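Student: I have a structure open here and would like to talk through its layout. Could we go step by step?

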Amino acid sequence: MPKAIGDTILQVEDLQTELSTKMGVLRAVDGVSFSVRQGETLGIVGESGSGKSMTALSILGVLPRPAGSIVGGRVVFNGQDLRTLSEPQMRRVRGGSISMVLQDPQTSLNPVYTIGSQVTEAIALHRDVPRRSLIGRAVAVLRQVRVAAPDQRVKDYPHQMSGGMKQRVVGAIAISCDPHLLIADEPTTALDVTIQSQYLRLLRDIQEETRLSIIFITHDFGIVANMCDRVAVMYAGRLVESGPVRSIFNVPKHPYTQALLKSVPAMDRPVDRLYSIPGQPPVLWDLPPGCRFVARCPVAEPRCTTRYPPAFPVADGTDGGHVASCWKLEDPAWNTPNS
Ligand SMILES: Nc1ncnc2c1ncn2[C@@H]1O[C@H](COP(=O)(O)OP(=O)(O)OP(=O)(O)O)[C@@H](O)[C@H]1O
Ligand SMILES: [Mg+2]
């Protein structure tokens, strides 16, 4: 059954986020735009340091302080520009209508409090639930994330749980306030594959029940294929290609996306050695004037070194808003369906 996808709930427009560092002021997110609709999962992929987490932290307004600040663009959530909200208003949004799951459950749970008190705290902060009902509600959300014997587990401390179980608790905290949008930043990196796939299935089930929108940040194209409706590919602070998951996999047009996909091992073709993209991304304090991928690009031309390419629509036979920022797309031969 196709997923029910509704109206746009998050619109990120030309987001620019700077970080002040020893090397000077860096633009970690540089003109990023995308949108997420109700019930939709957007995957954000890209190599380490491409700005994925900074994009997520910018949406939530929790950039590292005092180094980080948003210097341009808009983050419109449910019709409201989050950049215009005061800190107390933003606090209500965070963990309320937008919640976030981080990479490492160890750092998201406090070792000195019981699971029950950590889940109830999140609920008490955002929902008007009478004190005596809090623990019952905590047990219910733990049951929702398939924690066995939740009425017993609420008395446990994090160290008494396995990694997979802790990740479920973090998930429970994230969904305890019925968010509209969940931002999951590499939430499964610390899990083994079986637990990982159970966790992903759980997220999908919850999404089906609640029509939650999800932004899934990952390195793993397998997860993207499994979870996402749309994909946004980031490189050195910019979004270089985005579109429906199927067209990104079938007709990737940016040489960077093509290289990323080439580095995914496939079951159905023999590999002598795993492909990895030669070279390194540019450092943010010394960016080339043109395309940022130019030094590693197998098809770069002189024009790529001088001007940054605009986002060209990809002719892939669908009308799914597939775009890529690569000069090559000006050439009809490069930009034909299924080539
Ligand atoms: N606290 C910080 N202070 C200064 N610079 C930072 C800080 N955190 C990240 N950066 C820099 O900001 C840029 C974007 O980092 P970001 O964490 O968004 O990358 P990422 O795509 O999430 O990478 P990863 O896949 O490794 O999580 C990088 O150049 C990084 O070095
Ligand atoms: Mg990150």
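Student: How many Å separate the centres of domain 1 and domain 2?

Tutor: Bearing in mind that this is a predicted model, the centres of domain 1 and domain 2, taken over C-alpha atoms, are separated by 28 Å. The division of the chain places residues 9–228 in domain 1 and residues 235–330 in domain 2.

Student: And how many residues of each are in contact?

Tutor: On the domain 1 side there are 21 residues, and they are in contact with 14 residues of domain 2. Strand β2 (24–37) and helix α9 (221–227) each supply at least two residues of that side of domain 1, with the largest share, ten residues, coming from β2. By class, this side of domain 1 divides into eleven nonpolar, seven polar and three charged residues.

Student: Where does the largest nonpolar core lie, and why there?

Tutor: That core has 83 residues, of which Val119, Leu142 and Val233 touch the most other members, and helix α7 (residues 163–175) gives the most to it, with seven residues. Because both domain 1 and domain 2 give residues to this core, it lies between them.

Student: What does Val233 touch, then?

Tutor: Leaving aside residues up to four places away in sequence, the residues that Val233 touches include Val45, Leu239, His254, Tyr256 and Leu260.

Student: Switching to ligand 1, which residues come nearest?

Tutor: Ser48, Lys52, Ser53, Met54 and Pro64 come nearest, out of the 14 residues around ligand 1. Helix α1 provides the largest share of that shell, three residues, and the shell comprises six nonpolar, seven polar and one charged residues.

Conventions: Residues are numbered from 1 along each chain as its sequence is written. Chains are lettered from A and ligands numbered from 1 in the order in which they are written. This is a predicted model: local features need pLDDT of at least 70, side-chain atom pairs count only at pLDDT 80 or more; totals for chains, interfaces and linings use all residues. A residue is near a molecule or strand if its C-beta atom, placed from the backbone, lies within 6 Å of it. Helices (H or I, at least four residues) and strands (E, at least two) are DSSP runs, numbered from the N terminus. Ala, Val, Leu, Ile, Met, Phe, Trp, Tyr, Cys and Pro count as nonpolar, Asp, Glu, Lys and Arg as charged, and the others, Gly among them, as polar. A nonpolar core is a set of buried Ala, Val, Leu, Ile, Met, Phe, Trp, Tyr and Cys residues joined through C-beta atoms within 7 Å. A residue is buried if 20 or more other C-beta atoms lie within 10 Å of its own, exposed if 12 or fewer, and partly exposed in between; C-beta atoms are placed from the backbone. Domain bounds come from an automatic or database domain assignment. Two residues are in contact if their C-beta atoms, placed from the backbone, lie within 7 Å.
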